[in-house]
Amino acid sequence: METTAQQDDELEAALRAIGRDWSRLGARLKLLDHAVNTSCPRLSVRLHYPTLRDAAATVHELVAVATRYLARFCLPHSELQNLYARKDQLSVEDLHEALTDLDRRARDLFIRAGAATGRSGEAGELLLYLLTEWVLQAPQIVAKMSLKTSVAMPVHGSDGIHARYDPENGHLLVYSGEAKLHSDLGDAIRSAISSISSALQPEKLEHELNLVRRDLSLSGLDERARAEMLCFLDPLEPSSLKRIDAVTCLIGFDFGGYDGLSPDDAESVFESRAREQLDRSASAFAKAMRTAGLENRTVELFLMPLPSVEQLRASFQSRIGNAT
């Protein structure tokens, strides 16, 4: 008979199996090496920025790379798995057509979702997806982009749902994603705190967990792992007390620290400016969390200073064929 520890090990392995090695993203996004302590013990803050070339941020290249993963973000993992399982049975031409079709469907979903929701912030959602998978090693278990275009299932809540099993404490962390791109950092923080407060309300959490229960079969997890995860979601199961309802948040904002950089010392000067900004931003975000009564909630915050939020957004919309 399997022990609970053995089952949990299997769940950890199953989640790891549907993830992937995202380390290549380090060529496009760099993590600022700077420790941050705040007044919120369960708030983690990181700052990532587009890598520099010749003293300029490589935003165009970042968008070009990020959009390669539209299908992984938009479509259920099971669809990609099914295609990859059949690839040896397909001719090169048929495989190419099938992959092209997946990419086309993902781009169509982005365009339709933007029209349905009246938003153009999906660039932030895609970047948050990549950072959550890469940095937190928490694979997406519900692809919500397709839900945004469904009349029968109007979307409420987060921009994405990811999960990670923590073997040290036996916790299953279920992450709701919130992405905010604003020119003004203060506006971004206020919007993020409002969304996080809403996302952590019991009725919103119930809605998110119901989506997981409904669509978990499409996650790519095997039957045993799905059954184990469902125990963490069932209020009648002891495992549910080991579930942590957490939030990942990306805040992209205009940052003047890119101005006047010289190719000779661009990175060191920029990172000095960014460290000061990180300290101020982390303090401001923690203060806002405390004011909102969120100081004991688990939040993973990704700060992304940009030369121009509008430039990133326009580049992304143009890239997916939806120029505004």
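**Terms and their grounds**

Reader: Which elements supply at least two residues each of the lining of the largest pocket?

Author: They are α1 (4-17), α6 and β6 (161-166); helices (H or I, at least four residues) and strands (E, at least two) are DSSP runs, numbered from the N terminus. This is a predicted model, in which local features need pLDDT of at least 70, side-chain atom pairs count only at pLDDT 80 or more, and totals for chains, interfaces and linings use all residues. Residues are numbered from 1 along each chain as its sequence is written, and side-chain values use heavy atoms, with hydrogens and water left out.

Reader: What is the make-up of the lining of the largest pocket by class?

Author: Nine residues are nonpolar, two polar and six charged. Ala, Val, Leu, Ile, Met, Phe, Trp, Tyr, Cys and Pro count as nonpolar, Asp, Glu, Lys and Arg as charged, and the others, Gly among them, as polar.

Reader: Why is A27 called partly exposed?

Author: A27 has 46% relative accessibility and therefore counts as partly exposed: buried means under 20% relative accessible area, exposed over 50%, and partly exposed in between (1.4 Å probe, protein chains only). A27 lies in the loop between α1 and β1. Its C-alpha atom is 9.8 Å from that of L52, 25 residues apart along the chain.

Reader: What makes helix α2 mostly covered?

Author: Six of the eight residues of α2 (residues 59-66) are buried, namely V59, L62, V63, A64, V65 and A66. Among the elements that cover them are β2 (43-50) and α11 (309-319).

How values were computed. Contact = heavy atoms within 4.5 Å.
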